[in-house]
Amino acid sequence: MTSCEESKMSPSSNGHSVKPFFLPPSLLIRQAGSALLMGYLNDWRKIPLWILKYSLKSIPVSNGALGMGCIGYPGHPVWEVTSSCNLNCIHCHATGNKVHPEELTTDEGRRLIDQIAEVEGFRTLVFTGGEPLVRPDIFTLLRHSQSVGLANIIATNGCLIDEETAWKLKDHGVVCNAISLDAADPVTHNRIRQDSGAFERALRGIEATKKAGILLQINTTAMEYNMPLLSDLMDFVNRQDAGIMLMYQLVAVGKGEKIEKATLKKTANQSLSELIARKQREMTTIVEPVAGPQYWPFLLEKKGMKNGWRLKLAEQFFHGCAAGRGFVYIKSNGDVWPCPFVELSAGNVRERSFREIYQKSEILENLRRREDTLKGACGECRYNRICGGCRGRAHAYTGDYLAEDPRCFISNSGRSVIRASAAQAPSG
């Protein structure tokens with residue numbers, strides 16, 4: 001059978017279904033261990049409350065997770081179902097707001113979902129964009145994903161979610177709405193989103209999500225434009241009853257290339273890690289970094305867990321950059337990237353099956369063997385396994401996805417190369 005013929009096969013039609021979240025039980029132990037270790041390292045005082053309020057809802061969201069890492073956890077696939085969007089945000093990694101001329105059709109989308117479900121480690125599927133809710137057949141795709149046993153997650157700007165839509169999403173297997181919010185200040189959020197009503201509509205989406213009983217996740221992109229406002233935003237997110245907050249860093253890809261000056265430099269990268277750790281102590285919401293894998297060695301250094309069995313223990317739960325290592329990003333035209341910030345195609349699902357691309361791509365294999373393949377400081381660093389540097393930043397600034405992360409503030413010896421005290425983020 002040719003790979004092209006294989007890509008037309010539907011595993012679900014042969015009776016394949018995704019394993020339930022509790023099999024094997026060791027996955028639940030790893031998920032719990034990750035949260036508890038992060039809580040210990042941060043002196044997270046509200047972890048009992050988080051466990052009480054959000055842990056059961058979070059299990060389907062982190063379904064199959066091997067631990068914590070960049071973009072939440074390894075492993076899960078994200079599908080950019082459309083590049084079309086109802087907003088025109090200045091920092092979006094998607095380069096256009098229109099439908100890609102080669103966007104996967106409904107039937108191709110169903111086949112892709114079947115093939116994703118066939119990969120042993122995948123239990124969830126994130127639908128993103130653009131704005132996934134502008135795709136006319138989005139509920140057809142969600143239903144198909146639900147039917148093969150995947151837990152659905154929607155990454156959205158929230159502007160199109162009212163109560164009716166939220167309940168419909170829940171009925172179609174959506175366990176988490178990840179709504180983007182860039183500031184608690186409407187003016188700043190609307191300026192970044194380039195829409196004067198974006199903040200108000202996002203809040204409507206947040207309220208509708210909670211009323212429908214869907215876990216609320218807030219996605220934020222940290223950049224120089226909103227860095228001074230992030231502390232207030234984290235307080236705001238906590239008050240909104242969000243179970244999870246992903247704190248992205250702006251990477252100079254897509255539209256972000258035009259505002260490269262707003263990306264966080266080394267000192268600001270460290271300041272963001274310090275801010276997250278400081279705020280986490282009193283927040284109920286769990287906050288995880290994206291495109292900032294230095295957070296994990298930063299936490300370990302605070303507790304003196306730099307080597308020996310303590311470091312080995314942390315390696316079981318923290319995985320840093322997840323690009324290609326459980327995490328994978330499918331573009332709207334079927335190209336498979338390691339992550340939305342590593343703009344390299346490992347193959348296209350129209351030409352080869354998703355499983356073949358995922359399992360046999362040289363690009364993805366190099367990322368899975370990063371202990372042997374990374375270059376420069378990242379290749380030599382003792383935190384290689386729990387951090388690995390941001391592969392998106394490495395590729396954006398050097399053209400080499402295996403190069404060292406140019407914005408890393410951790411030295412090769414495991415000691416911070418700049419001040420260790422918490423401070424306000426400088427601009428450079």
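1. A starting point for the aromatic side chains: rings of Phe, Tyr and Trp (its six-membered ring) pair if their centres lie within 6.5 Å, and planes under 30 degrees apart count as stacked, over 60 as edge-to-face and the rest as tilted. In this structure, ring pairs link Phe122, Phe354 and Tyr358 into a cluster.

2. Please keep in mind that this is a predicted model, in which local features need pLDDT of at least 70 and side-chain atom pairs count only at pLDDT 80 or more, while totals for chains, interfaces and linings use all residues. Residues are numbered from 1 along each chain as its sequence is written, and side-chain values use heavy atoms, with hydrogens and water left out.

3. Searching the whole structure turns up 12 aromatic pairs. One of them joins Phe122 and Tyr358: the ring centres are 5.0 Å apart and the planes lie at 55°, so this pair is tilted. Phe122 sits in the loop between α4 (106-117) and β2 (124-128), and Tyr358 in helix α13 (residues 354-360), so the pair ties together parts 236 residues apart in sequence. (Helices, H or I with at least four residues, and strands, E with at least two, are DSSP runs numbered from the N terminus.)

4. Buried means under 20% relative accessible area, exposed over 50% and partly exposed in between, using a 1.4 Å probe and protein chains only.

5. Now have a look at helix α11 (residues 295-302), where seven of the eight residues are buried. Among them are Tyr295, Trp296, Pro297 and Phe298. What do the buried residues of α11 pack against? They pack against α2 (25-42), α10 (266-280), β7 (286-290) and α12 (308-315), where contact means heavy atoms within 4.5 Å. After α11 comes Gly304, whose phi is positive, near 75°.
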